[in-house]
Amino acid sequence: MWLTSSLQIERQSATRDQSDMASSEIVTLTFTPDNPSNTSIISSDGKILYEAVTEFSSKTLVTRVYDAQDEVIGMLAWRDVLPDRVTVKGGHPVSFATWIK
């Protein structure tokens, strides 16, 4: 049996209704299993939106995030001595500290 975790966020859209105000909705995302290193992020209607997969590769622990089309959209290389490296959508790797700023 897998443990799951759910996250609710409020998403505001840029569309305007008759009162000329932005509308918003609550979005529920479920993480199955409840493990940020190896999980599927699932929408409230059961569609897999993203998957995070962590593997040991050539002396480095690597977490890759895939979108619904199974394309890699991000990667984190966990390193022991040197700074961790982040790559977003095929860009150049940067240190985690630089990326998070």
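Tutor: A residue is called buried when its relative accessible area is under 20%, exposed when it is over 50%, and partly exposed in between (1.4 Å probe, protein chains only). The model is predicted, so local features are taken only at pLDDT of at least 70 and side-chain atom pairs only at pLDDT 80 or more, whereas totals for chains, interfaces and linings use all residues. Residues are numbered from 1 along each chain as its sequence is written, and side-chain values use heavy atoms, with hydrogens and water left out.

The setting comes first. Of the 101 residues of the protein, 21% count as buried.

The largest pocket has a volume of about 380 Å³. A pocket is an open set of points on a 1 Å grid over the protein atoms alone, with protein on both sides within 12 Å along at least five of seven lines, and its lining residues have an atom within 4 Å of a point. Of the 20 residues that line the largest pocket, Pro36, Ala52, Thr63, Val65 and Leu76 are the closest to its centre. Two or more lining residues come from each of strand S3 (39-42), strand S4 (48-57), strand S5 (60-67), strand S6 (72-78), strand S7 (85-88) and helix H1 (96-100). The largest share of that lining, five residues, is given by S6. By residue type the lining divides into 14 nonpolar, five polar and one charged; here Ala, Val, Leu, Ile, Met, Phe, Trp, Tyr, Cys and Pro count as nonpolar, Asp, Glu, Lys and Arg as charged, and the others, Gly among them, as polar.

Thr60 lies in strand S5 and counts as buried because its relative accessibility is 17%. Leaving aside residues up to four places away in sequence, Thr60 touches Glu55, Ala77, Trp78 and Arg79, a contact being heavy atoms within 4.5 Å. Glu55, one of these partners of Thr60, counts as partly exposed because its relative accessibility is 40%. The side chain of Glu55 also meets that of Arg64 in a salt bridge, at 3.6 Å from N to O, and Arg64 is itself partly exposed, with a relative accessible area of 22%.

A salt bridge is a side-chain nitrogen of Lys or Arg within 4 Å of a carboxyl oxygen of Asp or Glu, and the structure holds two of them. The other partners are Lys47 and Asp45, whose closest N and O atoms are 4.0 Å apart. Lys47 is exposed because its relative accessibility is 53%, and Asp45 is likewise exposed, at 54%.

The connecting segments deserve attention for their backbone geometry. Most residues other than glycine have a negative phi, and most peptide bonds are trans. Against that background, Thr32 and Pro33 are joined by a cis peptide bond, with omega about -10 degrees, and Pro33 is found in the loop between strand S2 (22-32) and S3. In the loop between S5 and S6, Asp70 has a positive phi, near 65 degrees, and it counts as exposed because its relative accessibility is 55%. Lys89, in the loop between S7 and strand S8 (94-95), also has a positive phi, near 45 degrees, and is exposed, with a relative accessible area of 65%.

Two separations complete the picture. Ala97 is found in helix H1 and counts as partly exposed because its relative accessibility is 48%; its C-alpha atom is 9.3 Å from that of Val86, eleven residues away along the chain. Across the whole protein, among contacts between residues at least 6 apart in sequence, 11% join residues at least 24 apart.

Notes. 1 Å grid on protein atoms, 1.4 Å probe; cavity = no way out; pocket = protein on both sides within 12 Å on 5 of 7 lines; lining within 4 Å. Points joined across faces, edges and corners; volume = space filled by probe spheres on them. Helix = DSSP H or I, 4+ residues; strand = E, 2+ residues; numbered from the N terminus.
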